[in-house]
Amino acid sequence: MPLEDTPGPARPGAPTAVCLGESMAVLLPDRPGPLESVEHFRLSVGGAESNVAGTLAALGVPTAWISRVGDDGFGRRLLAEVAARGVDVSAVAVDRDRPTGLYLKEVGGSTGHRHDLGPGRSRLHYHRRGSAAAALSPALLADPAAARLLAGARLLHLSGITAALSDDCLALLRALLAEPRPYRTVSFDLNWRPALWRDRDPAVLPPLLDAADVLLLGADEAEAAFGTGDPAALRRRFPSPATVVVKDAARAVTALERDGTAVTEPALAVEVVEATGAGDAFAAGYLAGTVRGLDQRRRLRLGHLSAACALTAPGDQAELPPAPLVAALLDASPADWAATRVSAEGITSPALPTTPPTSTSPASTPPTSAPSGAR
């Protein structure tokens, strides 16, 4: 049953989905190479939960984002950009005492500099300690704006990043996951960030993950955090969620149900421009399919397709193809799906009409080949 059709106390005008967590201002370099060689940076915004919110909204799911930002230019820019994606930001608090978090992106190239990361690689440098979002706490549940959105949501999306920000953030996640939710599905993306856990105990994560209804895990991240990226082993490790989704970026994604049913869908072939944000796009596509009541294979395909479009864009968000083309790809035969190619110039597939490639998003750097679903 689609989440939108789930019985419950519907709230007129309330978003179907709520994404809760930190987002930050982003400084993007004007050229590849180490940071010391960059002359200019472009201001943007980014963050796992707001990325998911933006893509859900683009896929037609009414979505809100709940967080905290500083009373500063970065915070105002963040609110404006997320709202421009069609996301409800009415419950984002503005903190007069703490700043908006910030990170800088370093992009590898072929400069020959000894500190160059190399083509196709990037690194994020975070400045988030003491940020406004780190002050998220269970007090949020008493805030009227947030309580209204949460009460009407059929889907609540969380991630492990929030748990690492502060004790108060961890307490908020525990409170949200402990609430009775007869009409709400809670999804949780591990989003393993080792740097965030250097001064914190990652042992708090497994109980959070096991309390979700839909658990999203990158196989490489799960290997680093729990010692295994094997889908069956992770399903045993986390027995409570209705569905555990394990993303092996190089090959496929597997969804494992509580009753032992497993569906695996291969990744699309993609010419990658920038990998950042693809994991969030996959989560949004998969969750949009869940909201729509699609079968498991189509949910996975919508996740792959959303990730593929993000991989062909220089930023965290990408333009998605028109709905009829999405529908054709979701219904494609296994052979046609395997023959589909996604690049910055568009999508080519035997499942689509014989027309020029459908444009996704422009690329500013030469692409290299890689599969969708990459994080």
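Me: What is a helix here, and how are helices numbered?
Reply: Helices are DSSP runs of H or I with at least four residues, numbered from the N terminus. This is a predicted model, in which local features need pLDDT of at least 70, side-chain atom pairs count only at pLDDT 80 or more, and totals for chains, interfaces and linings use all residues. Residues are numbered from 1 along each chain as its sequence is written, and side-chain values use heavy atoms, with hydrogens and water left out.

Me: Which two values describe a pair of packed helices?
Reply: The angle between their axes and the distance between the axes. Axes are lines fitted to C-alpha atoms over the stretch in contact, and angles run from 0 to 180 degrees between N-to-C directions. For helix 9 (residues 278–292) and helix 10 (residues 296–311), the angle is about 145° and the axes are 7 Å apart. Contact means heavy atoms within 4.5 Å; among the residues that meet are F282 and Y286 in helix 9 and L300 and H304 in helix 10.

Me: At what angle does helix 1 pack with helix 9?
Reply: Helix 1 (residues 48–58) packs with helix 9 at about 45°, with the axes 8 Å apart. That makes helix 1 oblique to helix 9 (under 35 degrees is roughly parallel, over 145 roughly antiparallel, 65 to 115 roughly perpendicular, and the rest oblique). The contact residues include V52 and L56 of helix 1 and A284 and L287 of helix 9.

Me: What is the mean pLDDT of the chain?
Reply: pLDDT is the predictor's confidence in each residue, from 0 to 100. The chain's mean is 89, and 89% of its residues reach 70 or more. Over residues 357–375 the pLDDT is below 50. Where pLDDT is low, the predicted coordinates should not be read in detail.

Definitions and conventions
Helices (H or I, at least four residues) and strands (E, at least two) are DSSP runs, numbered from the N terminus.
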